[in-house]
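Subject: Handing over the structure

Hello,

Here is the structure you asked to look at. Please open it first, then read my notes below.

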Amino acid sequence: AMKIFGEGPIPSRIMLVGDFPSDSDERSRRPFGGTSGQELNRLLHEAGIMRSECYVTYAHKTTAKSNQLSSLVAAKKKDITPAHVKMRDLYVLPSVVEGYTELLTEIEMVQPNIIIPLGTLALWALTGNWSVAKWRGSQLEANGIKVIPTYPPSQVFKQFELRGIIINDLKRAKRHAQGKHYTNIPSWNFIVRPTLQQTLDTLKMLRQRMDQEPTWIEFDLETFITSKHIRCAGIGWSRTEAICIPFTDGHSPYWPSEEEEGLVVYELYKTLTHPNAKVRGQNLLFDCQYTHRYWHFIPRVAHDTMISQHSCFSALPKGLDFLASMYCDYYSYWKEDK
């Protein structure tokens, strides 16, 4: 098979890395030279990026059998053949390792401020993270270079509703195309594993604000799937400030005595049902079932982000990770954090 090498200005601030060439790219002998390349040009244009200012290449320089990623990377144990070699934690064909080595050489040459992987193979080669559907829009890094992945342009032909999201991701990449480092990483101020005093002081502080004026607070419960018990309650009151109040680790209670736990629940009740509390959350109908069943109150819900999202964009996903990728200035996929 013919190798399709990268093209574009060297050095270049923005580097686009696809997974592997399509048959039409092979015919045109250019990266993204076919129909998906034309769509890429349109997407870039709408995001305010000129293709001519980007260096464009592939993580794997030759076409893949049946245009399938699974022909290059063994998805399951039974797919591993004697031809496969181990790279990071997966078994791949030697051509994948070769492509990765060539990609590193290109990065060294291009000296980009930001790399945009367009697909799962490119994302994994650069960061070790798998699945562009999960990680798209995230502010990542690879060897000290900023990386923001998005779907390959060919995905638009399969799911047209994702087109706006790809443009959103490209606009984020454009915002970060200057300089070598991210300038928008928040300094979080989270209280985790709080003492009784910290918990009571925080809830009292919020009620004092509510005594003065209507106050937005974010609320979220984590529960155990099996036992259906409340694991912890999270409350946020600004973009960077929140408290996580645990109740159990699944085996033993977090609070030393029933009296202490009762006091915490009572303070939560007073805070979340305060006449000036404006409680916001994601799919709060779920959380309210739990507060009602175990704590015998329902928070004063003023806004449900999942319902807002689904009302505005019914064709798009409505999970919290997807909403965060759309609306947060700083975003990095967190659902698999341990």
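Is Asn113 buried or exposed? Asn113 is buried, with a relative accessible area of 10%. Buried means under 20% relative accessible area, exposed means over 50%, and partly exposed lies in between (1.4 Å probe, protein chains only).

Before going on, two notes on the basis. This is a predicted model, in which local features need pLDDT of at least 70 and side-chain atom pairs count only at pLDDT 80 or more, while totals for chains, interfaces and linings use all residues. Residues are numbered from 1 along each chain as its sequence is written, and side-chain values use heavy atoms, with hydrogens and water left out.

**Around Asn113**

Asn113 sits in the loop between α3 (94–110) and β5 (114–118). Helices (H or I, at least four residues) and strands (E, at least two) are DSSP runs, numbered from the N terminus. A polar atom of the Asn113 side chain lies 2.8 Å from the backbone oxygen of Ala177. Leaving aside neighbours within four places in sequence, Asn113 is in contact with Ser12, Arg13, Ile145, Lys146, Ala177, Gln178, Gly179 and Lys180. Contact means heavy atoms within 4.5 Å.

**Salt bridges**

How many salt bridges does the structure hold? The structure holds 15. A salt bridge is a side-chain nitrogen of Lys or Arg within 4 Å of a carboxyl oxygen of Asp or Glu.

Start with Glu39. Glu39 forms a salt bridge with Arg42, and their closest N and O atoms are 2.9 Å apart. Both belong to helix α2 (residues 35–46), three residues apart, so about one helical turn separates Glu39 and Arg42. Glu39 is buried, at 4% relative accessible area. Arg42 is partly exposed, at 41% relative accessibility.

Glu39 also meets Arg163 in a salt bridge (2.7 Å, N to O). This pair links distant parts of the chain: Arg163 is in helix α7 (residues 163–175), Glu39 is in helix α2, and they are 124 residues apart. Both Arg163 and Glu39 are buried.

Now look at helix α9 (residues 258–272), which holds Glu267 and Lys270 three residues apart, about one turn of the helix. Glu267 and Lys270 form a salt bridge, with the closest N and O atoms 3.2 Å apart. Glu267 is buried at 10% relative accessibility, whereas Lys270 is partly exposed at 27%. Elsewhere, salt bridges that share partners join Glu39, Arg42, Glu46 and Arg163 into one network.

**Leu203**

Leu203 lies in helix α8 (residues 196–212). Leu203 is buried, at 0% relative accessibility. Not counting residues up to four places away in sequence, Leu203 touches Ile235, Ile245, Val264, Glu267, Leu268 and Thr271. Pro152 is 51 residues from Leu203 along the chain, and their C-alpha atoms are separated by 46 Å.

**Nonpolar cores**

A nonpolar core is a set of buried Ala, Val, Leu, Ile, Met, Phe, Trp, Tyr and Cys residues joined through side-chain atoms within 4.5 Å. Which members of the largest core touch the most other members? Of its 56 residues, they are Ile14, Met15, Leu16, Ile115, Leu121 and Leu170. Helix α4 (residues 120–127) gives the most to this core, with six residues. A second, separate core has 25 residues, including Phe219, Ile230, Val265 and Phe297.

Best wishes

Note on methods
Polar contact = N/O pair within 3.5 Å; in protein donor to acceptor, adjacent residues only side chain to side chain.
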